[in-house]
Amino acid sequence: MKRYEQYFKVINSIGSEILSKESRVIETVANAMAVALKNQKQLFLFGCGHSHILVEEAFYRAGGLVPVTPIFDTALMLHDGAVKSSHLEKMEEYGEWVIGRINIKKDDMIFIFSNSGINGCPIEIASQARERGAKVVAISSREYVNQEKSRHSSGKYLIDYADYVIDTHVPHGDALVKINNHRIAPGSTISGALIWNMLISQLSEEEEKLGIEAEYFVSGNIEGGAELNQRYLQKYRTKISSF
């Protein structure tokens, strides 16, 4: 088997695991999202380093959910210094600073993407968000819990502060294709994006059940797309600062 075929096979297997083992929690979280939106609550998104990619995937995206609030912090993004980003994501003090400037409230929801779930920054954000009464959703691999120590002073992992955990089913170390004594080709970005888009797909069904309007962007690269999206931008521009 060619190595690209190996990668494709493992990714398909991960997707199948998510479908078979995470379906119940995906449906539960999608329903909680619908209830939160019906009650005018906010859906926040956070990720460090490469997990930040998943926040961008979920925000202002063709086919994507409109009312989501990304937590973007430039210092945690790779373009502002990859090594610095990796260092800061390990610091719970930085997570305290990030969440300190976010107006997250009781019954809001926050989705935290962290495949390892061991770093101090996202764990601290989960801890403080939960203290404020928000519902925490962790998108993380459970494989790290028994193989790596938490980098948070509490000794706890991201999943310990989560109300809901959706397992990425990505193996320890992320990389999927074995070459000699190491592995290449990560899987967590694909897994995380798959989970998020499964959530918003099911959310649309839950919204129908509750009789609330489903608000999703259309592509700005099709005729009339920008005009259709403009009404959402007008509605949420003052509520979602990243617009």
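Here are some questions and answers about a predicted model.

User: Happy to have a helix pair to look at! At what angle do the axes of helix α1 and helix α7 cross?

Analyst: Two packed helices are described by the angle between their axes and the distance between the axes. Here α1 covers residues 3-21 and α7 covers residues 188-210. Their axes come within 11 Å, and the crossing is right-handed. The angle is roughly 35°.

User: Thanks! How many charged residues does the contact of α1 with α7 have?

Analyst: Let's go through both sides. From α1 come Y7, I11, I14, G15, I18 and L19, and from α7 come I190, S191, L194, I195 and M198. Sorted by class, 9 of these residues are nonpolar and 2 are polar. The number of charged residues is therefore none.

User: Is S114 buried or exposed?

Analyst: S114 sits in the loop between β3 (109-113) and α6 (120-131). Beyond its neighbours within four places in sequence, S114 contacts S51, P122, I139, S140, S141 and L158. Its relative accessibility is 8%, and the limit for this class is under 20%, so S114 is buried.

User: And which residue has the backbone nitrogen that the side chain of S114 reaches?

Analyst: This one concerns the side chain of S114, a residue in the loop between β3 and α6. The distance to that backbone nitrogen is 3.1 Å, and the residue is G117.

User: Now a backbone question: what is the phi of Q40?

Analyst: Q40 lies in the loop between α2 (23-38) and β1 (43-47). With 64% relative accessibility, Q40 is exposed. Although Q40 is a residue other than glycine, its phi is positive, near 65°.

User: Last one: D174 also has a positive phi, so is D174 buried or exposed?

Analyst: D174 is in the loop between β5 (164-167) and β6 (175-179). Its phi is about 75°, and D174 is not a glycine. The relative accessible area is 16%, and the cut-off is under 20%, so D174 counts as buried.

Key. Residues are numbered from 1 along each chain as its sequence is written. This is a predicted model: local features need pLDDT of at least 70, side-chain atom pairs count only at pLDDT 80 or more; totals for chains, interfaces and linings use all residues. Side-chain values use heavy atoms; hydrogens and water are left out. Axes are lines fitted to C-alpha atoms, for helices over the stretch in contact, and angles run from 0 to 180 degrees between N-to-C directions. Helices (H or I, at least four residues) and strands (E, at least two) are DSSP runs, numbered from the N terminus. A crossing is left-handed if the near helix is turned anticlockwise from the far one by less than a right angle, and right-handed if clockwise. Contact means heavy atoms within 4.5 Å. Buried means under 20% relative accessible area, exposed over 50%, partly exposed in between (1.4 Å probe, protein chains only). A polar contact is a pair of N or O atoms within 3.5 Å; within protein, one must be able to donate a hydrogen and the other to accept it, and residues adjacent in sequence count only if both atoms are side-chain atoms.
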